[in-house]
Amino acid sequence: MDLEALNLDEDVLFDADVEFSSSASSNTITLVVPDDLDGKRVDAVIAAMEPSLSRSVCGNLVADGNVKLVQGDKQFLILSRKSHKVSAGDTLNVALPNEEKPTEIIAQDLPLDILYEDEHMIVLNKAAGMVVHPAAGNWDGTVVNALAHYLTNSPFGAGEFVGPDTDFKATDQADDPAGANGEVVSFRPGIVHRLDKGTTGILVVAKTTQSLGALSTAFADRTVKKTYLAVTVGNPGKRVAIDKPIGRHPVHRQRMRVVPDPHRKDSSGIAPKDRLTAPTQKGRRALSYVDTLAFDGKLGIAQVRIETGRTHQIRVHLQDRNTPIYGDDVYGIEAWNKRLSKTHGITRPLLHAYKLELNHPITGEEMVFKAPMAEDMKEIATRIWPTGAEEAPHIFR
């Protein structure tokens, strides 16, 4: 059935065998409305349960007839009004259009803070707001896009992962002495590890197949030492070891959580119904060592060393300890985040990959990299720890 031919000013009831999605190129996700979203608007519910989708995108999905409310085995209701209120336990099927993934990367002249580079690898201090590699919703403006441009002109060589296609020749760059900006280049990024969009700090990228293999092995074998700095709401404590498994949240699938210990009541800090959703979930071991460097009575500066590299590990572990990262809109405290945004204009988690220790992938030389905090985080840290620059100049440099 062609949904575009219908007037969907009102919700429409269909039999279950009717074609649902208005797009032939889509995938469908199923959401069960949790208790805490009972009585909320359908667009707000979808946005809350799928943080990767903005509120406006969710509203458009509803308006375009891509959201249905399942009503038993035989029928469903196609929703057309984004203001439609849903109830706890309702099942929503949401058809998401498939985005075409680019097979090539657009080289972009974007600023990079390079800490170290040779012919085998490059070490960056990633800026806040920059995604590491292209993905849905962020096909450009990423670290990979910036590297695709920079490496074509690097004094240490481009490495193996950047290669101009047959239409991109040296003569085409005559009017662009800065390099391949805007040109399409084949780029198989040597990404070894990742940082969240809002997180700043050290990122290592391999430039050759050999260094990629060696670095990937080092990260997998946990011989790379990773130390972060975080501004926390509350005091996480001194010399604290957090050894709690992390798994995907059973309701909010874009989030992670500490998997509940079945022998300890409410150890996960989530609602009992969520604990029952996936009773057999074990999660993956996650080990973090936390040490508070300063605390002003409300906010703290914590140093966190992680032995494992689970998705959102530090953010989840600190949330579980009831001392979330300041500014974290997924795992943090909304009132505190609003204060940070209003008073300082900061809308990201104040988390920084401060130090990385590893052996060079080719020579084996022991190497230690340190990255200065971004100015926004340094300003907050200085307010918390006014004497920090004198007492810990290696952090406040």
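Two strands are said to pair if DSSP finds at least two bridges between them, and helices (H or I, at least four residues) and strands (E, at least two) are DSSP runs numbered from the N terminus. The views below show a predicted model, in which local features need pLDDT of at least 70 and side-chain atom pairs count only at pLDDT 80 or more, whereas totals for chains, interfaces and linings use all residues. Residues are numbered from 1 along each chain as its sequence is written, and side-chain values use heavy atoms, with hydrogens and water left out.

**View 1. Strand β8 and its two pairing partners.** Strand β7 (residues 114-117) runs antiparallel to β8 and is joined to it by three bridges, and the two strands form a hairpin with three residues between them. Within this pairing, E117 has I122 of β8 as its bridge partner. β8 also pairs with strand β12 (residues 200-206), again in the antiparallel sense, over six bridges, and here L124 is bridged to L203 of β12. Six of the six residues of β8 (residues 121-126) are buried, so the strand is largely enclosed by the rest of the structure; buried means under 20% relative accessible area, exposed over 50% and partly exposed in between, for a 1.4 Å probe and protein chains only. Both faces of β8 are covered, with M121, V123 and N125 buried on one side and I122, L124 and K126 buried on the other.

View 2. In helix α8 (residues 375-384), the buried residues are M377, K378, I380, A381 and I384. They cover an arc of only 165 degrees around the axis, which puts them on the same side of α8, the arc being that of the directions from the helix axis to the C-beta atoms. The face turned away from this buried side carries the exposed residues E375 and R383. The elements against which the buried residues of α8 pack are β13 (225-233), β17 (287-295), β18 (299-306), α7 (334-344), β19 (351-359) and α10 (393-396), where contact means heavy atoms within 4.5 Å.

**View 3. Helix α2 and the residue that follows.** The buried residues of helix α2 (residues 55-63) are C58, G59, L61 and V62. Seen down the axis of α2, these residues fall within an arc of 155 degrees, so they line one face of the helix. After α2 comes G65, whose phi is positive, near 80 degrees.

View 4. A search of the whole structure finds 14 salt bridges, each defined as a side-chain nitrogen of Lys or Arg within 4 Å of a carboxyl oxygen of Asp or Glu. One of them is formed by K244 and D320, whose closest N and O atoms are 2.6 Å apart. This pair links distant parts of the chain, with K244 in the loop between β14 (240-243) and β15 (246-248) and D320 in helix α6 (residues 313-320), 76 residues apart. K244 is partly exposed, at a relative accessible area of 26%, whereas D320 counts as buried at 16%. A salt bridge also connects R315 with D328, the closest N and O atoms being 2.7 Å apart. R315 lies in helix α6 and D328 in the loop between α6 and α7, so the pair ties together parts that are 13 residues apart in sequence. R315 is buried, with a relative accessible area of 8%, and D328 counts as buried at 0%.

View 5. The whole structure contains three aromatic pairs; rings of Phe, Tyr and Trp (its six-membered ring) pair if their centres lie within 6.5 Å, and planes under 30 degrees apart count as stacked, over 60 as edge-to-face and the rest as tilted. Among them, Y326 and W336 form an edge-to-face pair, 6.0 Å centre to centre with 80 degrees between the planes. Y326 is in the loop between α6 and α7 and W336 in helix α7, 10 residues apart. Y326 counts as buried at 4% relative accessibility, and W336 is buried with a relative accessible area of 19%. The rings of W385 and F396 have their centres 5.7 Å apart and their planes at 80 degrees, so this pair is also edge-to-face. R339 lies over the face of W336, at 4.3 Å from the ring centre, given that a charge sits over a ring if NZ of Lys or CZ of Arg is within 6 Å of the ring centre and within 35 degrees of the ring normal.
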